[in-house]
Amino acid sequence: MRTVYVNGEYLPETEATVSIFDRGFLMADGVYEVTSVLGGKLIDFAGHLARLERSLSELDMKKPAAFVDLLEIHRELVRVNAIEDGLVYLQVTRGSDGDRDFVFPDAETTEPTLVLFTQSKPGLADNPEAKKGIKIISIEDIRWGRRDIKTVQLLYPSMGKMMAKKAGCDDAWMIEDGHVTEGTSNNAYIVKGNRIITRHLSNDILHGITRAAVLRFAREAQMEVEERSFTIDEARAADEAFVTSASAFVMPVVEIDGATLGDGTPGRVATRLREIYLDESRKTAV
């Protein structure tokens, strides 16, 4: 049985509760972060904490009182749950003032809800999918306009994953005006020649923590990076493609909407970036 964290308490998961009036439950009025654990240490923690702070600020949501203790809380959950490889999920909501209302509760009298739990994923960095690559489909992007805020509004991305599953594929890339925004839970990239192409940062996509690290490592390795929008037709004709996320790291894509990329196996750029990212991230894990 897992030990979880709820509003200042470490509890068995079966004893953890949140009010039915919590705005995260009623309004999806909450933000979250997922931090990977490799070898019992947290990957890119500082980046996740900074993005959490930004998400809270963008939604005018008060920081939980335990914000300054989040590293200690993460480490304690990893310790008590004996997580060697896995994930730590964190969620902050605007809390509950005891009833339902569209108007925000008074931040002076209503504390945010803070919840964390772990997920054990043995061999997380050795995902066999990385050796064979994943297949994706394209779907229309009908999400709200502030995708740069990591909110818990994940219904459509979940529907997208189910569309992909129904089509016999692994994931979906979302399309707006013919251009790829991002994957359902990841940032999207194509490779043409020796050039890595990925959408530029804006309100249209999540500012991925893994994205930032991977692009930095790519440039340090003298790889050419171009941050711009690309069409789904460009993607289908690319030499290779991949996605990045905190839980998948760098994951090669070998098929888009039925079109095989390259020879249908993970490309050399994605494969090398995955190696670099895992090696470098382990060095700076906390």
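Ser-57 counts as exposed, because its relative accessibility is 54% (exposed means over 50% relative accessible area, buried under 20% and partly exposed in between, with a 1.4 Å probe and protein chains only). The model is predicted, so local features need pLDDT of at least 70 and side-chain atom pairs count only at pLDDT 80 or more, while totals for chains, interfaces and linings use all residues. Residues are numbered from 1 along each chain as its sequence is written, and side-chain values use heavy atoms, with hydrogens and water left out.

Ser-57 belongs to helix α2 (helices are DSSP runs of H or I with at least four residues, strands are runs of E with at least two, and both are numbered from the N terminus). Between the C-alpha atoms of Ser-57 and Asp-148 there are 12 Å in space, although the two are 91 residues apart in sequence.

Helix α2 spans residues 45-58 and packs with helix α3, residues 70-80. The axes used here are lines fitted to C-alpha atoms, for helices over the stretch in contact, and angles run from 0 to 180 degrees between N-to-C directions. The two helix pairings are set out below.

| Helix pair | Angle | Axes apart |
|---|---|---|
| α2 and α3 | about 125° | 11 Å |
| α6 and α8 | about 105° | 10 Å |

Helices α2 and α3 are therefore oblique to each other (under 35 degrees counts as roughly parallel, over 145 as roughly antiparallel, 65 to 115 as roughly perpendicular and the rest as oblique). On the α2 side the contact is made by Phe-45, Leu-49 and Leu-52, and on the α3 side by Leu-70, Leu-71 and His-74 (contact means heavy atoms within 4.5 Å). By class, this contact has 5 nonpolar, 1 polar and no charged residues (Ala, Val, Leu, Ile, Met, Phe, Trp, Tyr, Cys and Pro count as nonpolar, Asp, Glu, Lys and Arg as charged, and the others, Gly among them, as polar).

**Helices α6 and α8**

Helix α6 comprises residues 209-220. Its angle with α8 makes α6 roughly perpendicular to α8. Thr-210, Ala-213, Val-214, Phe-217 and Ala-218 of α6 meet Leu-273, Ile-276, Tyr-277, Glu-280 and Ser-281 of α8. Sorted by class, the contact of α6 with α8 has 7 nonpolar, 2 polar and 1 charged residues.

**Aromatic pairs**

Across the whole structure, a search finds 7 aromatic pairs (rings of Phe, Tyr and Trp, the last by its six-membered ring, pair if their centres lie within 6.5 Å; planes under 30 degrees apart count as stacked, over 60 as edge-to-face and the rest as tilted). One of them is the stacked pair of Tyr-89 and Phe-117, with 4.9 Å centre to centre and 20° between the planes. Because Tyr-89 lies in strand β5 and Phe-117 in strand β6, the pair ties together parts that are 28 residues apart in sequence. Tyr-89 is buried at a relative accessible area of 17%, whereas Phe-117, at 25%, is partly exposed. Tyr-32, Tyr-89 and Phe-117 form one aromatic cluster.

Phe-249 and Tyr-277 have ring centres 6.0 Å apart and planes at 35°, so this pair is tilted. Phe-249 lies in strand β14 (residues 249-256) and Tyr-277 in helix α8 (residues 268-284), so the pair ties together parts that are 28 residues apart in sequence. Both Phe-249 and Tyr-277 are buried.

**The loop between β5 and β6**

Thr-110 is found in the loop between β5 (86-93) and β6 (113-120). With a relative accessible area of 6%, Thr-110 is buried. Apart from residues up to four places away in sequence, Thr-110 touches Lys-62, Arg-94, Gly-95, Ser-96, Asp-97 and Pro-105.
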